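Dear colleague,

I am handing over the structure below, and I would be glad if you could look through it with the notes that follow.

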Amino acid sequence: PILIENLAREALARNLTMPSLTRVIGAGAPISGPVEEMLSAVMAPDGELAANYGATEAMPSTELSSREHLDGLWDLTEQGAGVCVGHALPGVELKIIAIADGPIESIADTSELPTGRIGEILVRGKHVSPEYYRDPDATRKNKVPDPQGDWHRFGDVGYLDAAGRLWVCGRVSQRVKAAGRDGFTPQVEP
């Protein structure tokens, strides 16, 4: 995302356009609405910026177009809703479970949360790494066994909205526990 931001800033500062630039895919961190607006201003008129979400072990898992993001979703982010990262890509399954500190021995030991409830994000798909090379401890901490195919723990918290889009609300390890509930930085900082 910082490369995309620098490219857009430089093009705007020099009054340059890139009319042949029709598709840009960013990953590694969320792309903010202002950056999407800047790049869209210098791309082809029908150009599209897409942001992918995932982890090294499961990349990409979701995608969100800048058009959809700028059509009200970024406004919700600025109001503390978390960061929308879009819909699961074909062949990718997402699940939101109650936050569990420590390893999870079986998917049967988890509690799946309903739409709109914040919990730990799990992903499953053919592109997701099945284990960590020669590191059974990391595998035990980050994989959730399931007879129908194991799940990967992103280490992030979030929720699925009514449209099936994933919203990320920070890291499991960076939540703030206070007054009997959890606080999440992307919801508090705005």
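**Pockets and backbone**

The largest pocket has a lining of 17 residues, with Ala29, Pro30, Asn52, Tyr53 and Val85 lying nearest its centre. Strand 2 (48-53) and strand 4 (83-88) are the elements that give two or more residues to this lining. A pocket here is an open set of points on a 1 Å grid over the protein atoms alone, where a 1.4 Å probe fits, with protein on both sides within 12 Å along at least five of seven lines, and lining residues have an atom within 4 Å of a point.

This is a predicted model, in which local features need pLDDT of at least 70 and side-chain atom pairs count only at pLDDT 80 or more, while totals for chains, interfaces and linings use all residues. Residues are numbered from 1 along each chain as its sequence is written, and side-chain values use heavy atoms, with hydrogens and water left out.

The second largest pocket is lined by residues including Asp101, Glu120, Lys141, Arg153 and Arg171, and helix 4 (136-142) and strand 8 (151-160) are the elements that give two or more residues to its lining. Helices (H or I, at least four residues) and strands (E, at least two) are DSSP runs, numbered from the N terminus.

In the backbone, the peptide bond from Met59 to Pro60 is cis, with omega near -10 degrees, and Pro60 sits in the loop between strand 2 and strand 3 (62-65). Asn15, which is not a glycine, has a positive phi near 60 degrees, and belongs to the loop between helix 1 (2-13) and strand 1 (23-26).

Kind regards
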